[in-house]
Amino acid sequence: VTHSIPACIGSMTINSKQLDNESPVSIFAVNKCYEMVQDGTFFDGSGFAALVREGYKVRSDVNITLEFRTTAVHGVLLGVSTAKVDAIGLEIVHGKVLFHVNNGAGRITATYEPRGTNSLCDGKWHKLQANKSKHRISLIIDGNSVHTDNPYIQSTSADTNNPIYVGGYPADVKQNCLTSKSSFRGCLRNLVLTKGQHTELFDFSRAFDLRGVFPHSCPGAEH
């Protein structure tokens, strides 16, 4: 190997003795890592993370929670689809958060629009909860709740069988409940999907496909 590693290295010990990297004997082309780092996963706006290779089955009920931080007013947050019409999707469009669900009879959408000068794209952390319970859907952002009426009350199950795509999706993958193709730029953390008694916290470093996604560290602030 003839090239350097593009990475951050810290807390190195040799024979139980910690090396002092603050005052090295010599240094060449080494910069500091982020001065401020937060827990979370950084999405650089070019790609996506793909989870659950064998396919995630939404069916009648799912509760999605996550935290996001961005300065971009457009971006895909999450999509689970099928080759047919059944799907769910979460996205930011013109600074609003949209939660789409199609149980097979037609797409319905819950839209959260921040009030006044409040912005969800202010580079600060925001909490999101999207809930699908049979034909009912709701969206809660920072404790503020939005519900929507669903005329298709007989249709209750989103029979998805594709992976969960987070932050974007490949060009050749159909997403029936996303209107945006823009990849998310910013940070995500604490993605949890709950079905009944089963709660699953997703670790982005275990994704089967990661493009433009950097697990476990976010720059402290975006400028």
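**Exercises on a surface patch and a buried threonine**

A nonpolar surface patch of about 490 Å² is formed by Ile5, Ile9, Met12, Ile14 and Leu19; nonpolar side chains are joined into such a patch within 5 Å, from residues with over 30% relative accessible area and no salt bridge. The model is predicted, so local features need pLDDT of at least 70 and side-chain atom pairs count only at pLDDT 80 or more, while totals for chains, interfaces and linings use all residues. Residues are numbered from 1 along each chain as its sequence is written, and side-chain values use heavy atoms, without hydrogens and water.

**Exercise 1.** Locate Leu19 and classify its accessibility.

*Solution.* Begin with the chain: Leu19 sits in the loop between strand S2 (17-18) and strand S3 (37-38), where strands are DSSP runs (E, at least two residues). Then take the accessibility: Leu19 counts as partly exposed because its relative accessibility is 41%, and this class lies between buried (under 20%) and exposed (over 50%), with a 1.4 Å probe and protein chains only.

**Exercise 2.** Is Thr160 buried or exposed, and which residues does Thr160 contact beyond its neighbours within four places in sequence?

*Solution.* Next, since its relative accessibility is 2%, Thr160 counts as buried. Then list the residues in contact (heavy atoms within 4.5 Å): setting aside neighbours within four places in sequence, Thr160 touches Tyr56, Lys57, Val58, Val80, Ser81, Thr82, Asp86 and Ala87.

Key. Patch = residues over 30% accessible without salt bridge, like charges linked within 9 Å, V, L, I, M, F, W, Y side chains within 5 Å. Areas by Shrake-Rupley, 256 points an atom, 1.4 Å probe, with all protein chains shown as cover. Salt bridge = Lys/Arg side-chain N within 4 Å of Asp/Glu carboxyl O. Helix = DSSP H or I, 4+ residues; strand = E, 2+ residues; numbered from the N terminus.
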